[in-house]
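I opened my notebook for a look around this one. Here is what I looked up, in the order I went.

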Amino acid sequence: MISRFARITITSILLLMITSVSFAAGTIKIGALFSVTGPPAFLGEPERNTAKMVVDNINKTGGIKGQKLELVVYDTAGDATKAVQMATKLIKDDKVVAIIGPSTTGESMAVIPVVEKSKIPMISCAAGSKITEPVKRYVFKTAQNDGLAVSKIYEYLQKHKHNKVALLTVSDGFGASGREQLKALAAKYRMQIVLDDTYGPKDTDMTSQLTKIRASQAQALIIWGTNPGPAVIAKNAKQLGLKIPLYMSHGVSSKKFIALASDAAEGVKLPSGKVIVSDVLPKNDPQKAALIGYVKDYQKHYKVEGDHFGGHAWDAVMLVKAAIEKGGASSEGIRNALEGIKDFHGIGGTFSFSAADHAGLNKDAFVMVEIKNKDWALAK
Amino acid sequence: MNVLVFVGIHTLLAIALNLLLGYAGQISLGHAAFFGLGAYSSGILTATYSWNPWLAMLVTASVVASVAFVIGFPILKLKGHYLAMATLGLGIIVYILFNEWVDVTGGPSGFSGIPNLQIGSLIFDTDFKNYYLIWIFVLGCVLLSVNLANSRIGRAFRAIHDAETAARVMGVNARLLKVQVFALSAMICSIAGSLYAHVMTFIAPPSFGFNISIELLTMVVIGGLGSIYGSFLGALLLTTLPEFLRFMNDYDIVFYGGLLMVMTIFMPGGLVRGIPQLFRKIRGSGKDKGNANA
Amino acid sequence: MELSEQLLQYLLSGLSTGAIYALIGIGFSIIYNSTGIINFAQGEFVMLGGMLTLFLLETLELPLWAAIPLAVLLATITGLLFERLAIRPLRKATPISLVIITIGGSILIRGLAMLIWDKDTHAIPSFSGDEPIMLGGATVLPQHIWIIVITIILISLNKWFFNHTISGKAMRACSYNPRAAGLVGVDVRKMVLLSFMISSAMGSLAGIIVAPLTMTSYDVGIMLGLKGFCAAIIGGMSSGIPTVIGGLILGILESLGAGLISSGYKDAIAFIILLLILFIRPQGLFGKPESERV
């Protein structure tokens, strides 16, 4: 019995070892891990689409110093185990020089030990600040830290003389990270959190939490989540006649949110990357050219509006490109060049990396927007 | 190498579920809970309280087995669909606990800083070393299960599976046996969870959710109920499939669902019995008309 | 704001959520009672209701009054196909293989929905506006009234069908003893098919009437299906009033739990009740003890 088992085992091991290891001369291989399926598909799908589009564009215009880019994308389905498995495959089998993604903070945290050990630079597209704090030698990120978005909201509230806030955050990685930052930064901006509540990512009715909030002293409600939860909350708030203003996170800064919440979205304010307001940005905004180019390209390729999630992948690919142009196509070269990148005007903001900062953005990456007449407007 | 580490962990889990499902005939849709309890408990004990990882693994496994033993009595009183739903509910409650008990588990953002396993000065920090570590556990588990399956207890399980009333009449304490195998199965899952935590050094709730329980069930069904080799085959297939199915893009979920249905209808014995049968049929000597999978 | 007004709001929110759980729960019970199968794909029909309505409204630009019956019809046909292609071909239908095949079916239907439509969440317009209605100190939406009214109509129709029509009586006969029912001339297979059709129609209608409040996407079916099952368990798998009460109890407890205790553990409430009922009163909260299920 054991020998039969051993035989099966050995055969399978051999089979696995001879899996496709291909070398294409003259191309630079970049790996990508996105959760194209699974619950975070709303992140992974635009990210994959964008990354493919950008790489195609680079190759069409002659590649990088004559060398073509090859993008190897794996789907992680939002699962940390798969992310680690695929990261190892990218490094060992596909022999990529750099990795873009994963889409979520959890997956990124799981992959970090793998890339650190293999010395392969990774540019995560997830928002959690702990990805790059403390700084890891090979890990960078393009998604804006949640703390920046929180600061932007608190600053705005301070300007408008509100200091009692209620929090309603979703109980997943995105909401948990937002909640941490909201609580941590409250003292700095003299905010008093009068109520701190959560809701589940699949919840369909939040009137209970809102009833509680209505009875509290809160002057503003900050909602931290990704679609569809915040849209349900906006509708529930309208139903209950909740009077206080609603603030949301950058997690809903896509037209999708307005479509879902429809009338209930009016007047909602949120910090957002500049993608959605690219057309109304002042002419002297350094990001304007990149933003308008990206929005146009995405519209042309995929017939839907590009959002800032896809923008994270755009930034990641373009940063790798810039790094290769400067430091050559080796992993170590890319890493060193990335750390030296200054004033790179991307979609998510203007990136300036340093040895002490692998996130590279400041809070100017965000603008406060308000939903007016089912469209975005810069909030005053 | 890395993928084989995960194949190993999944094989452990699949064998654990198969002991329950294939031998004792009791379904569970919540086995990821025991896997998660093992991983979180090991992770928390070693990272937060600096326990020795081996001691943590041992203590965790015994605690999980005892808990399973206690809840096994009321839960295994249920049958078929009811048992499926009760175990599913159990799995979801445990998942909610991982997600909501933020102070202890780190909540949805996950739990990091778990040390690697270590024997003397040998630290299991590479895929290569982990591969040997995991597969030693798998071999141990296989030996245990094969022996168990061929022992008096194994025969009693099969008797319960085939005809519980008859087995009871023959003096088999069906209930106690079922609860014991439930506890054993939970213990193996817990050990697999501990290993997983130390290999990954980072864990997060989605790795222990409902989907994982279903994936385990799929491994067991595709490999073959009641077959240890089947569990290995199912784990190997489902763990490596995503790497080969890249061309399928987003179609893989349809593929899994379809595969589960097709297998249940046309190959109820799983691959280990189905493939030899198929060969016999092709060779034309297959006059047994599917009776071989009894 | 007064506490009593808050309580009234929790109660009203709970009632409307509970009505949906009740409808889904009855769908489970109908199939269970005539076939002994727990259809794990039940939640997917709820999803299909919402997604099909959306498709008919937005892509084919049908008016709401035409889109709804057509969506129910299409979902019913899916239910029919599901029974024909998945349940009937099972040669040796054990509870385990039935659980597995309905799980496979639910994954397949969900995957197909994801491919045919997309992974996004979509909004469906309310049947008659979004102007809140004041009730005491609490508010409800016109859609809530629709939900309550449609649920009452459906449940009455259901009761009439099982008590006063030949097919309904035949289905009840099958639930007591399929072999005896077959002997007296009931076409058991047809009744099984019919039960799948009725329950997929009810599930899809439930999905349609909640969609304006909860939005819809390819993966809404899992949680709703499970909650519906909890409602059915509380009601002792009855296809009548006890399951309705079960759904309402669940909805109200969840809403009170989220309002007064903690919203994080809200989902755990349903499953803890599920386990308690299964352990202590497997015949449901209102049923007489019956030996069949243990």
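**Entry 1, the sheet in chain A.** I began with the strand order and found an open sheet of 5 strands in chain A, running S2-S1-S3-S4-S5 with parallel pairing. This is a predicted model, so I read everything below as such. At the edges I noted strand S2 (68-75) and strand S5 (139-141) of chain A, each of which pairs on one side only.

**Entry 2, one strand pair.** How many bridges join S1 to S3 in chain A? I got 3 bridges between strand S1 (residues 27-34) and strand S3 (residues 98-100) of chain A, and the two run parallel. I picked out one residue of the pair, Ile30(A), and its bridge partner in S3(A) is Ala98(A).

Helix H2 (residues 41-60) of chain A does, touching S1, S2 and S3 of chain A. I read about 165 degrees between the direction of H2 and that of S2(A). Helix H11 (residues 308-327) of chain A also packs on the sheet, where it touches S1, S3 and strand S4 (122-124) of chain A. For H11 of chain A the direction makes about 165 degrees with that of S3(A).

I wrote down the division of chain A: domain 1 takes 22-144 + 292-359, and domain 2 takes 146-272. Their C-alpha centres lie 30 Å apart. Between them I found 11 residues of domain 1 in contact with 14 residues of domain 2. On the domain 1 side that touches domain 2, I sorted the residues into 2 nonpolar, 7 polar and 2 charged.

**Entry 5, chain C against chain A.** This contact takes 25 residues from chain C and 30 residues from chain A. Which helix of chain C gives the most to the side that touches chain A? H1(C) does, with 5 residues. Helices H1 (3-35), H8 (188-214), H10 (241-261) and H11 (266-280) of chain C are the elements giving two or more residues to that side. By class, I have the chain C side down as 9 nonpolar, 11 polar and 5 charged residues.

Chain B has a mean of 85, and 94% of its residues reach 70 or more. I flagged residues 286-294 of chain B, over which pLDDT stays under 50. For that stretch the model has 8 contacts beyond four places in sequence.

Definitions and conventions:
Residues numbered from 1 in each chain as written. Chains lettered and ligands numbered in written order. Predicted model: local features only at pLDDT ≥ 70, side-chain atom pairs only at ≥ 80, totals over all residues. Domains from an automatic or database assignment. Contact = placed C-beta atoms within 7 Å. Nonpolar A, V, L, I, M, F, W, Y, C, P; charged D, E, K, R; others polar. pLDDT = per-residue confidence, 0-100. Helix = DSSP H or I, 4+ residues; strand = E, 2+ residues; numbered from the N terminus. Pairing = 2+ DSSP bridges. Axes fitted to C-alpha atoms, helices over the stretch in contact; angles between N-to-C directions.
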